[in-house]
Amino acid sequence: IYYLAIIVICPLVLKLYKEYYFTLYLCGKRIRIPVGMFLVGGILIFVKGFSTTGHDVRNGYYLDFLSANSLTTIRDQNIEVLYKIINVVIKNLFGQYWVLLLSVSLITIVPVLVIIWKYRNYIDISLAILCYLCLFYFNGFSAIRNYMAASISLLVFDALYEEKRKKSLILIIVAMLLHRTMIVLMVPFVCVFCKNIKKVYMAIGGISGICLIYIFRNSIINYFTQYDRYSVYASSGNVKFGIEQIVYYMPLFLLLYIGVKKYKNSKFDRLSFCYLVMGASFGMLSYVISIFGRFQTVMLPLVVILPYYMKNTGVGDKERKAVNTGIFAFYCIARFYIYISQYYIVEGLMPYTNIWGWHI
């Protein structure tokens, strides 16, 4: 109920205060701050920034922080260097774990809000926040390092759309320094800057990737079993047909198809299609090797992609827009329900706890 309340309240706040601003003067410059986004940002940063929810937050990440007197003393030497540096700096300057959690919250949430606001003329920001909350926000309570990197990957999406090659590469490297799985961002990078790669080739590439991973799954599993921190993801389990992933991605491909017919933006359409193929492929691969489920964090750009096509499909027709919004909300809530019902025990997402002893 607590999580659902957050999911309902934040989009409503954006709807109620979308026309309101307040002014700040910073270094002699006048800056207009949207009240709705400011309030929502405050809620999300507060809920996550002081949270001690999640197995990893209460255990592995906490022990890493306690040992972060220097880069060489951190308990887990396999974690990426940028996350090590953040731990060492905060441990030596403040010595408080909650400062790290708050910093992680800012790095995770602020880029999302900035990009959503940047695209406000092309999307419904309330739907974008709804999408973020249902598909990504609560997922990042435990896997904080992965979702920090995912927020940087959203900046990568923006740079790719603007076709800024150097900026894209720099941001990909930064994301990889937080979590090495972000190397998969090279897939959309290549697709954007190699324009001769047609959509059909992207789809074939996704299917081929699934087949190759399946064939070499034992070798890949053996690689991951070298590291204790990945052992929980290394098992292949029972390889089965990914019905859940079809439920996840078929509506998205359909929305993309309808949206492209209504309003064509070749750069955005191509990038969106690439991400959907990539997400569906990694989703199916998670049934072969469970660790590939972690790659789903690179799909954070859905918070812009889905509201973009939703807005285009309902242009000029209030009744259709209302129906589409209802369908979109149902899809998001369904995604949240599927995730939370399957992973709240595995990730330790319930009850919600924080540094003040809340126990919800």
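1. Tyrosine 3 is buried in this predicted model, with a relative accessible area of 7%. The cut-off for that class is under 20%. Phenylalanine 138 also counts as buried, at 1% relative accessibility.

2. A search of the whole structure gives 33 aromatic pairs. In one of them, the ring centres of tyrosine 3 and phenylalanine 138 are 4.7 Å apart and the planes stand at 40°, so this pair is classed as tilted. Tyrosine 3 belongs to helix α1 (residues 2-16), while phenylalanine 138 sits in the loop between α7 (125-137) and α8; the pair therefore ties together parts that are 135 residues apart in sequence.

3. Phenylalanine 253 is in helix α14 (residues 243-262) and phenylalanine 273 in helix α15 (residues 266-285), so parts 20 residues apart in sequence are tied together. As for accessibility, phenylalanine 253 is partly exposed at 24%, whereas phenylalanine 273 is buried, with a relative accessible area of 15%.

4. Aspartate 158 is located in helix α8 (residues 144-161). With a relative accessibility of 4%, aspartate 158 counts as buried. The side chain of aspartate 158 has a polar contact of 2.7 Å with the side chain of tyrosine 119. Leaving aside residues up to four places away in sequence, aspartate 158 touches Ile115, Lys118, Tyr119 and Lys167.

5. Helix α9 (residues 165-178) packs with helix α10 (residues 186-193) at an angle of about 170°, and the axes are 11 Å apart. This makes α9 roughly antiparallel to α10, because angles over 145 degrees fall in that class. On the α9 side, the contact is made by Arg165, Ser168, Leu169 and Ile172; on the α10 side, by Met186, Phe189 and Phe193. Sorted by class, the residues of this contact are five nonpolar, one polar and one charged.

How values were computed: Residues numbered from 1 in each chain as written. Predicted model: local features only at pLDDT ≥ 70, side-chain atom pairs only at ≥ 80, totals over all residues. Heavy atoms only, no water. Helix = DSSP H or I, 4+ residues; strand = E, 2+ residues; numbered from the N terminus. Buried < 20%, exposed > 50% of the residue type's maximum accessible area, 1.4 Å probe, protein only. Polar contact = N/O pair within 3.5 Å; in protein donor to acceptor, adjacent residues only side chain to side chain. Contact = heavy atoms within 4.5 Å. Axes fitted to C-alpha atoms, helices over the stretch in contact; angles between N-to-C directions. Parallel < 35°, antiparallel > 145°, perpendicular 65-115°, else oblique. Nonpolar A, V, L, I, M, F, W, Y, C, P; charged D, E, K, R; others polar. Phe/Tyr/Trp six-rings, centres within 6.5 Å; stacked < 30°, edge-to-face > 60°.
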